[in-house]
Amino acid sequence: MIDDLINVADFERLAAERLEEGVLGYFAGGACDEVTLGDNVAAWRRWRLRPRVLAGVGEVRTSVEVLGAEVAMPVLVAPVAYQRLAHEDGEAGMARAAAAAGTVMCLSTLATARPSEIAAAAPGGRRWFQLYCFRDEGVTRALMEEAVESGFEAIVVTVDAPRGGRRERDLRTGFRIPEGLGVPSVQAALGSERAVTIEETFALMDPALGWTALEDLASESKVPVLVKGVLTGEDAALAVEHGAAGVVVSNHGGRQLDCVAAGADALPEVVDAVEGRGAVLVDGGVRRGTDVAIALALGADAVLVGRPALWGLAVGGEGGAGRVLELLREELELALALCGCASPAELTRAHVQRAPAASLYSL
């Protein structure tokens, strides 16, 4: 059945049929009126590719270098919390799917498996750890240490969630994380004998994190630190000036502050501000290989996909997530070939242009 699904939208539709209403709303929903949630997808359509012909391109490869190491494609798996809500394979299945695809899986702090368990589940895979910073620096350091000791290659600090966004789908359905489905890494860091609820976890996080704290964390880390949740050139420049190895252009999947810029719209400003001093990645609304190509042409080193991989997991577990990643790789390979590029590195801003504005007479 998985092989009969031909794009991300097919997986999303089938996942919507299979997931219970509250769980679906938790993963699919955004903040308030969900303006940014929808615009994340629409923003990629505001760009057009400019293909070059007769470029003499025979073979096409999709591999790129990210943070000094090669991945099979510039599509990484974004951190998504509580993946066992979608499928019993959970984060372990997602890690195996990413490893099979030759790409990176970024594990959420709010995962239903510890970093050490993910390392054991996919020992050959590349892994990053998404980190929320806690009021108790000891908890933050314990989370980092377990990840690094388990072979995670980077720490991705999420900075756009000092408070949780207003997610009205969850309010309407009354959805709550099931009792007992805790966050084992946080539980271990706290030394707690019982599962820690999501409400308790967020209450322990530091809402007043500043640039000095980031600089201290980056200087102490044994692996590169990325800052996730950047939407402005000013913050991107500050991030690299305070020790970050790069930034992730992200609005948290439209789940935090509504009516902010979509990733595709914020990306060029951030790339220009970083000026090659660090890696630039982007997430939000990527649903096609052409979206990936546009992101690369605008200057991103790679994209991260959260919901697409999650829909794959919901439909077919590890195999479903793997199929989604393979579809995106195939679509990107075709886009590269048709743009006259033998590799992602050949895409430049000369390969994109803004889509024409809609005419009053075309409405």
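A residue is called buried when its relative accessible area is under 20%, exposed when over 50%, and partly exposed in between (1.4 Å probe, protein chains only). Helices are DSSP runs of H or I with at least four residues, and they are numbered from the N terminus. The model is predicted, so local features need pLDDT of at least 70 and side-chain atom pairs count only at pLDDT 80 or more, while totals for chains, interfaces and linings use all residues. Residues are numbered from 1 along each chain as its sequence is written, and side-chain values use heavy atoms, with hydrogens and water left out.

Helix α13 spans residues 289–297, and because 8 of its 9 residues are buried, α13 is largely enclosed by the rest of the structure. The buried residues are Gly289, Asp291, Val292, Ala293, Ile294, Ala295, Leu296 and Ala297. Just after α13, glycine 299 has a positive phi of about 115 degrees.

Helices α11 (residues 233–241) and α12 (residues 263–274) pack against each other at an angle of about 35 degrees, and their axes lie 8 Å apart. Here an axis is a line fitted to C-alpha atoms, for helices over the stretch in contact, and angles run from 0 to 180 degrees between N-to-C directions. From α11, the contact (heavy atoms within 4.5 Å) uses Gly233, Glu234, Ala236, Ala237 and Val240, and from α12 it uses Glu269, Val270, Ala273 and Val274. These residues divide into 6 nonpolar, 1 polar and 2 charged. In that division, Ala, Val, Leu, Ile, Met, Phe, Trp, Tyr, Cys and Pro count as nonpolar, Asp, Glu, Lys and Arg as charged, and the others, Gly among them, as polar.

Alanine 119 belongs to helix α5 (residues 115–121). Alanine 119 is buried, at a relative accessible area of 14%. Leaving aside residues up to four places away in sequence, alanine 119 touches Arg127 and Ser150. Between the C-alpha atoms of alanine 119 and glutamate 220, which are 101 residues apart along the chain, the separation is 22 Å.

The cysteines come last. A disulfide is taken as a pair of cysteine sulfur atoms within 2.5 Å, and the count by this rule is 0. Cysteine 106 is in no disulfide, and the nearest cysteine sulfur, in cysteine 133, is 13 Å away. Cysteine 106 is buried, with a relative accessible area of 2%. For cysteine 339, the closest cysteine sulfur is that of cysteine 341, and at 5.7 Å it is too far for a bond. Cysteine 339 is also buried, with a relative accessible area of 3%.

Key:
Helix = DSSP H or I, 4+ residues; strand = E, 2+ residues; numbered from the N terminus.
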